[in-house]
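Thanks for coming. I have one structure to go through today, so please look at the screen.

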Amino acid sequence: MDDPKPATARIAVLAALLFQSVAYNLLRRYSQGVLHENYSYAEVLVLAEIAKTAVAGAVACRGEANPVATLAALAKDSRQMLFLAAVYATMNLLSFAALRRVDASTFTVCAQLKTLSTAGCSAVFLRRALSPAKWRALASLTVGAILVSLSALEGGGAAEDAGDRRVAVVGLAAVLTEVTLSGFASAYFEGVIKASGKRRTIFDRNFQLGLHSLLLYGAVIALEGGGPPRFRGFSSTAFALVALGAAGGLLVALTLKYADAILKTLATAGAVVGSIALEALLFGAPLSAGTALGAAVVVIAIFDYALDATPKPEDELEDLPPLLDAPTRDDHA
């Protein structure tokens with residue numbers, strides 16, 4: 001008989017990830033689109049990274065005789081995470097910019113293109129083969145996201161500060177750029193994790209990623225404000241975003257540990273429905289026929305993709321590309 005504990009942990013982590021995704025998107029929209037709060041996006045992100053990195057570091061050195069030496073070794077062997085940190089920092093800044101110009105429903109549904117971009121990047125960089133049923137589901141998902149995008153452009157109500165069509169175009173461009181970067185980052189991160197084998201856990205890599213992210217965010221803050229962080233304009237909403245952002249990074253790590261990418265996709269589908277319903281209920285956001293149809297197509301496509309029973313090749317990621325399979329010195333031993 002299967003141990004029920006892993007299944008229970010899997011369900012709990014996926015449910016937590018679903019609620020975190022919905023809450024984070026809606027709270028960002030409320031803060032920026034409704035309250036028009038004036039605080040630094042980068043400062044929110046850097047505080048979230050500090051919290052996430054601290055927790056990941058604590059887990060990574062748990063049980064070690066010399067935690068300081070362990071963390072120093074992880075920092076020394078973290079070169080692969082520098083590029084990834086730059087990509088993630090760009091994505092986070094783009095997402096904040098997008099949510100000032102498009103509503104949370106449009107943002108969340110368009111963000112489901114991450115499944116398509118991740119599949120494409122996985123096929124190219126990880127040599128992953130997808131079944132015809134999965135590609136059909138991804139094509140349907142693309143159509144659904146396009147329907148939502150067209151509805152936002154035609155409705156003129158996609159942004160609080162825009163009756164201007166150009167504002168919506170800029171917002172959608174920011175979302176699609178983030179989506180493309182997300183696909184590449186997911187494939188790259190997975191390749192690094194699989195190439196590392198058991199030498200580096202997901203918490204080790206999160207700690208390394210956090211160190212570089214903090215350096216990058218610190219540079220952005222210095223350029224933005226001309227000096228060190230001042231945290232001006234911070235409110236309880238901003239600090240709630242910090243907590244949710246840190247939790248999101250850790251929940252993704254736990255999802256990879258207890259579940260898999262397919263189950264994570266199901267949680268994302270639930271976040272789509274939750275964001276659309278709650279934004280209409282709480283903020284009185286318009287729910288056009290085009291948006292509703294596009295959302296339905298996206299959700300159905302995600303379920304078709306996730307529930308496809310075509311067996312995966314057992315050696316799918318055995319032969320990694322040289323870029324991702326390059327050995328690194330095991331300073332953590």
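I will start with the whole chain and then turn to a few places in it.

This is a predicted model. The secondary structure comes to 13 helices and zero strands. Of the 333 residues in the protein, 47% are buried. If we take contacts between residues at least 6 apart in sequence, 87% of them join residues at least 24 apart. The protein exposes about 15900 Å², and carbon and sulfur atoms supply 65% of that area.

Now helix α3, residues 67-76. Which of its residues are buried? They are Thr70, Ala73 and Leu74. Viewed down the axis of α3, these buried residues fall within an arc of 100°, so they line one face of the helix.

Next, Ser31, which sits in helix α1, residues 4-34. Is Ser31 buried or exposed? Ser31 counts as buried because its relative accessibility is 0%, and the cut-off for buried is under 20%. Leaving aside neighbours within four places in sequence, Ser31 is in contact with His36, Glu37, Tyr39, Thr237 and Leu241.

Last, the surface. Val143, Leu147 and Leu293 form a nonpolar patch there, and together they have about 240 Å² of accessible area. One of them, Leu147, is in helix α7, residues 132-155. Leu147 has a relative accessible area of 30%, so it is partly exposed.

That is the end of my part.

Key
Residues numbered from 1 in each chain as written. Predicted model: local features only at pLDDT ≥ 70, side-chain atom pairs only at ≥ 80, totals over all residues. Heavy atoms only, no water. Buried < 20%, exposed > 50% of the residue type's maximum accessible area, 1.4 Å probe, protein only. Helix = DSSP H or I, 4+ residues; strand = E, 2+ residues; numbered from the N terminus. Arc of directions from axis to C-beta. Contact = heavy atoms within 4.5 Å. Patch = residues over 30% accessible without salt bridge, like charges linked within 9 Å, V, L, I, M, F, W, Y side chains within 5 Å. Areas by Shrake-Rupley, 256 points an atom, 1.4 Å probe, with all protein chains shown as cover. Salt bridge = Lys/Arg side-chain N within 4 Å of Asp/Glu carboxyl O.
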